Amino acid sequence: MFQIRIHGRGGQGVVTAAEMLSIAAFEEGRHAQAFPSFGSERTGAPVVAFCRIADHEIRLREPIMEPDALVIQDPTLLHQVDVFAGLKKGGYILINTNKSFEELGLADYVRDWPADRLLTVSATDIARKHVGRPVPNVPLLGGFAAASGLIQLESVIKAIHRKFGGKIAEGNIAAATEAFNTVRAAIDEAKRKEDAHA
Amino acid sequence: MLKQTEGSHAVAEAVALCRPEVICAYPISPQTHIVEGIGEMVKSGELKDCEFINVESEFAAMSVAIGSSAGGARTYTATASQGLLFMVEAVYNASGLGLPIVMTVANRAIGAPINIWNDHSDSLSQRDCGWIQLFAETNQEALDLHIQAFKLAEELSMPVMVCMDGFILTHAYERVDIPTQAQVDRFLPPYEPRQVLDPAEPVSIGAMVGPEAFMEVRYLAHAKQMQALERIPQLAKEFEACFGRDSGGLIRGYKTEDAETIVIAMGSLLGTIKDTVDAMREAEHGGHKIGVLGITSYRPFPLAAVAAALKNCKRFVVLEKSLAVGIGGIVATDVRMAVTGMGLKGYTVVAGLGGRAITVKSLTTLFEKACREELDLVSFLDLDWKVVNKQLERERTTRRSGPAAESMLRDVGVIAARIG
């Protein structure tokens, strides 16, 4: 079973992102369970949503306390919420930012991490460009698909069609695709550097 | 058709497939998405011959439901928590009058202090109101139980609550198999009311009954629930024949055959318990012989079925999301009655009140203690004793100790940073 925890703020589509991720996994014939952290959400307040993906029925309903992957929709949360709590060593970290892990002050935490698990994407900028609104959730899903290889971009696109219609769907598909390609390129670059070292 | 969807939406689709004629509801978290979903289907014309009535309160919701059901219409509503409490007088009337209303309760805690999260305090507070209460383990079962509920309610002419864990199920996206209209039509015949308010054939419903017959009328409600004990397992079988799924029934055992310890619970918590039990059975240092008993039908309470399921075990743990203040467990009291004279050790564990997460880690420690018979008769899972004792001390030493909940929240500190 693969467990993903998404951190963001009310209004950023955190819960929708987890739901769409579960739809994308379902589209690939897998079992998936998405649920929010059940707070009384307010715009701007920290929000957490969870998604489990497995090849068997998922019975477990506790919150995800030891995720395999983290998606951080707002880097300002790093100073407010213990977003890394329980993250498995070497787990995927995808942050919506145009800064590096070093610039975010995370160099110590991720010292022993494989480089291809440490990923950033400027999802807010990408969303603004394609959707016209600073909602980073969908491009981050595209980024997550590239980062984890767990789901295909085309499944994310199917999930977009389930949630949105018309221009908004088109914009989100363009945003998810751009983020997918950006992250894919960053991973290839990280692997190339590693190979060069070896 | 298999679909990845929200629990609330799955229930909305199931209710629509049952061809309700009147839906009256007042929004309250975490039930809101269900009635919103049905409302949209009525508005779009997807759900035909159905009137959606916006009411001004939960009291009005149940009152309208009583009127429409007495008028011969298949009637549905949904509520939770304070909303259920607000409609209580009418809830008793619905069952007293024998009206087959189906209501979803998206289980949520009751205030004060106000809390929107899940536990079973709301529907369990209506334990004795005369409604049948069925608890869903998964969203698939929630969907299936609604279809069974209409049939059961209408056959017996008694109302049925389908209880599903608020947020944990209502707001969870998971895989559900949504039946076709033809399948549901084959299972659920059109509503044939036992009594109907009809100007062409006038009758009175709800007249005063004095001491000469009141007990007999009340006993009839009990007799109906005893009939339900027979019908619920049969309906589950008929459902399986029609839909190919094992759903509903009175109880459901899991690895109970050789179990020395059996954990009893209701609702979505059963999944987490099953995962815990599987891990404990496979444990390296000699697996524990532990099993699970899920109670689907809380009212009527299946005394005989529970006794039969527990007959070979040595001890049982009732893990419940409810608290009978002043005694301990609510479900546990019923289970203890079921096993009277069987010589079993029984433990009551109150857990998950107001949405407190129930984790595999805590359950493992708890069940290991239970297997060693080291649990207290009544205990509270993951209770923060430091916070409790600090408040008790404050009250001992200060007359004007102030509002307890607010003081305890301050003692707990900032909670925005917490995941679970």
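Predicted model: local features only at pLDDT ≥ 70, side-chain atom pairs only at ≥ 80, totals over all residues.

Student: What makes chain B as compact as a globular protein of its length?

Tutor: Chain B has 15 helices and 15 strands. Its radius of gyration is 22 Å, and the globule rule gives 22 Å for 420 residues; the values are close, so chain B is as compact as a globular protein of that length. Along the principal axes, its C-alpha atoms fill a box of roughly 70 × 55 × 50 Å. Buried residues account for 47% of the 420 residues.

Student: Why is helix H1 of chain B called largely enclosed?

Tutor: A residue is buried if 20 or more other C-beta atoms lie within 10 Å of its own. Eleven of the eleven residues of H1(B), residues 7–17, are buried, so the helix is largely enclosed by the rest of the structure. Among them are B:His9, B:Glu13 and B:Leu17. Just after H1(B), B:Arg19 has a positive phi of about 55°.

Student: How do you know that the length of H1(A) agrees with its number of residues?

Tutor: At 1.5 Å a residue, its 14 residues should span 20 Å, and the end C-alpha atoms are 20 Å apart, which agrees. The helix is followed by A:Gly29, with a positive phi near 85°.

Student: Which residues touch the most other members of the largest nonpolar core?

Tutor: They are B:Val162, B:Val263 and B:Ile264, in a core of 176 residues. H1(A), residues 14–27, gives the most to this core, with ten residues. Domain 1 (2–243) and domain 2 (251–380) of chain B each contribute at least three residues to the core. Leaving aside residues up to four places away in sequence, B:Ile264 touches B:Leu293, B:Ile295, B:Phe316, B:Val317, B:Val318, B:Leu319 and B:Val335.

Student: How many residues do domain 1 and domain 2 of chain B each bring to their contact?

Tutor: Chain B is divided into domain 1 (2–243), domain 2 (251–380) and domain 3 (387–420). The C-alpha centres of domain 1 and domain 2 of chain B are 28 Å apart. Their contact takes 25 residues from domain 1 and 21 residues from domain 2. On the domain 1 side, helix H6 (121–124), strand S6 (132–135), strand S7 (160–165) and helix H9 (214–243) of chain B each supply at least two residues. H9(B) gives the most to that side, with five residues. By class, the domain 1 side has 15 nonpolar, six polar and four charged residues.

Student: What makes up the side of chain B that touches chain A?

Tutor: The contact takes 24 residues from chain B and 24 residues from chain A. On the chain B side, the elements giving two or more residues are strand S8 (173–177) and helix H10 (269–281) of chain B. H10(B) gives the most to this side, with four residues. The residues on the chain B side divide into twelve nonpolar, eight polar and four charged.

Methods. Residues numbered from 1 in each chain as written. Chains lettered and ligands numbered in written order. Rg over C-alpha atoms; globule rule 2.2 N^0.38 Å. Buried ≥ 20, exposed ≤ 12 C-beta atoms within 10 Å, placed from the backbone. Contact = placed C-beta atoms within 7 Å. Nonpolar A, V, L, I, M, F, W, Y, C, P; charged D, E, K, R; others polar. Domains from an automatic or database assignment. Core = buried A, V, L, I, M, F, W, Y, C linked by C-beta atoms within 7 Å. Expected span 1.5 Å × (residues − 1).
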